[in-house]
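This report goes through one structure part by part. Please look over the sequence and the model before reading on.

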Amino acid sequence: MQATAQAQPNIALVKYWGKRDQSRNLPAVPSLSITLDTLWTQTRVAFEPGLEADRFSLNGNAEPAHLARVSATLDRLRELAGCGHSAVVESVNNFPTNAGLASSASGFAALVTAGCAALGLEFGPGQRSRLARLASGSAARSIFGGFVEMPLDPHNDDLAMSLLEAAAWPLQVVVAVTSRAEKPTGSRAGMLQSAASADFYPAWVETTPRDFQQARAAVLGRDFSRLSEISEHSCLKMHAVMLSARPGLVYWNSATVDCLHRIRELRRRGNAVFFTVDAGPQIKAVCLPEHRDHTARALAEIPGVLEVISSGLGAGAQLLPAIP
Ligand code: 2P0
């Protein structure tokens, strides 16, 4: 009754921000993402008869703050499997947690994949994506590799699905880490605050389906320049919504802004690169492979950039062999 799985974070190029149904955790807007390969979460789940309550550790430390969401996800799996045992969940991230690097995406995708296997639930990626979405909207996308879309489904619960395999358009991502601190406002709280108070939120919900369709077409047509334009627009529009909340949500620091300008300068000088920023201060530069090293060097030189991590596009969540 144990299994270990690995999942990678994904970076949204058309962002998910806001929910149309909180209890079913359904997004207010469609989203499109790329799954990374260098950053990962590995999670071992072991259901143990006689254990009094679930236990959760991250990087070797007990994490009571995250236990409720982990247990809620395990409860859904236990119900499906007819199992009453509590579980020990041990997770390891090889990147900063809760700092805008999509750790909840890789974390819950790995948890669902390992938890299903440990309980003998032989679910395909669609069913696991649905379970992951209930835990965290972006986690639904990390079940899949490469380019992933999550359209809105007006009749059913939304499911993420593969749009294009990683090998079909092997973009690179350079992540500039500008802070390792946990962000002050988590995504879930930030989304609720935005929906409740941001003047720009209705425009966001109205216009994102158009951005999604255009980004989808750009990916299928391998049109980097069009994808750059739409992705930067979606990112900046999401941050405009955050800034227009009351109180305004400012996830950037000065290095974030310096990186953003540097990436636009690199593009003006002929590099195929664009930026995106999530609910945190890290900058992600998405580029063609031949422009990766130059981009990484340029971002590493910016004061306030603590670390630069390069990644290709990777696979979806998968089981790992048991550690002997
Ligand atoms: C995204 N983010 O599309 C956007 C961009 C953050 C900024 O999806 O409430 O942690 O668990 O469904 O998945 C982060 O949202 O939120 C997120 P919940 P989640 O990647």
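This is a predicted model: local features need pLDDT of at least 70, side-chain atom pairs count only at pLDDT 80 or more; totals for chains, interfaces and linings use all residues.

How many salt bridges does the rule find across the interface of domain 1 and domain 2? The rule finds two.

The chain is divided into domain 1, residues 2–167, and domain 2, residues 168–311. Taken over C-alpha atoms, the centres of domain 1 and domain 2 are 22 Å apart. Domain 1 brings 39 residues to the contact, and domain 2 brings 53 residues. Between domain 1 and domain 2 an area of about 3600 Å² is buried, and carbon and sulfur atoms give 69% of this area. On the side of domain 1, Leu13, Lys15 and Trp17 supply 24% of the area buried against domain 2, more than any other three residues.

Lys15 also takes part in a salt bridge: its partner is Asp278, and the closest N and O atoms of the pair are 2.6 Å apart. Counting polar contacts between domain 1 and domain 2 gives 14 residue pairs, with both residues at pLDDT 80 or more.

Which elements give two or more residues to the side of domain 1 that touches domain 2? They are strand E2 (10–14), strand E5 (31–35), strand E10 (147–150) and strand E11 (161–164). Strand E2 gives the most, with four residues. By class, the residues on this side of domain 1 divide into 24 nonpolar, nine polar and six charged.

**The ligand**

The ligand is surrounded by 19 residues, and the closest are Tyr16, Lys19, Gly137, Ser138 and Arg188.

| Residue | Side-chain atom | Distance to a ligand oxygen atom |
|---|---|---|
| Tyr16 | N or O atom | 2.6 Å |
| Ser138 | polar atom | 2.6 Å |
| Arg141 | polar atom | 2.8 Å |

**Backbone details**

Where is Pro247 found? Pro247 is in the loop between helix H7 (224–243) and helix H8 (254–268). The peptide bond that joins Arg246 and Pro247 is cis, with omega about -5 degrees.

A second detail concerns Asn59, a residue other than glycine with a positive phi, near 50 degrees. Asn59 has its place in the loop between strand E7 (55–58) and strand E8 (61–62).

**Salt bridges in the whole structure**

A search of the whole structure finds 21 salt bridges. One of the pairs is Asp75 with Arg78, whose closest N and O atoms are 2.8 Å apart.

Key: Residues are numbered from 1 along each chain as its sequence is written. Side-chain values use heavy atoms; hydrogens and water are left out. Domain bounds come from an automatic or database domain assignment. Contact means heavy atoms within 4.5 Å. Buried area is the accessible area (1.4 Å probe) that two parts lose on being put together, summed over both. A salt bridge is a side-chain nitrogen of Lys or Arg within 4 Å of a carboxyl oxygen of Asp or Glu. A polar contact is a pair of N or O atoms within 3.5 Å; within protein, one must be able to donate a hydrogen and the other to accept it, and residues adjacent in sequence count only if both atoms are side-chain atoms. Ala, Val, Leu, Ile, Met, Phe, Trp, Tyr, Cys and Pro count as nonpolar, Asp, Glu, Lys and Arg as charged, and the others, Gly among them, as polar. A residue is near a molecule or strand if one of its heavy atoms lies within 4 Å of it.
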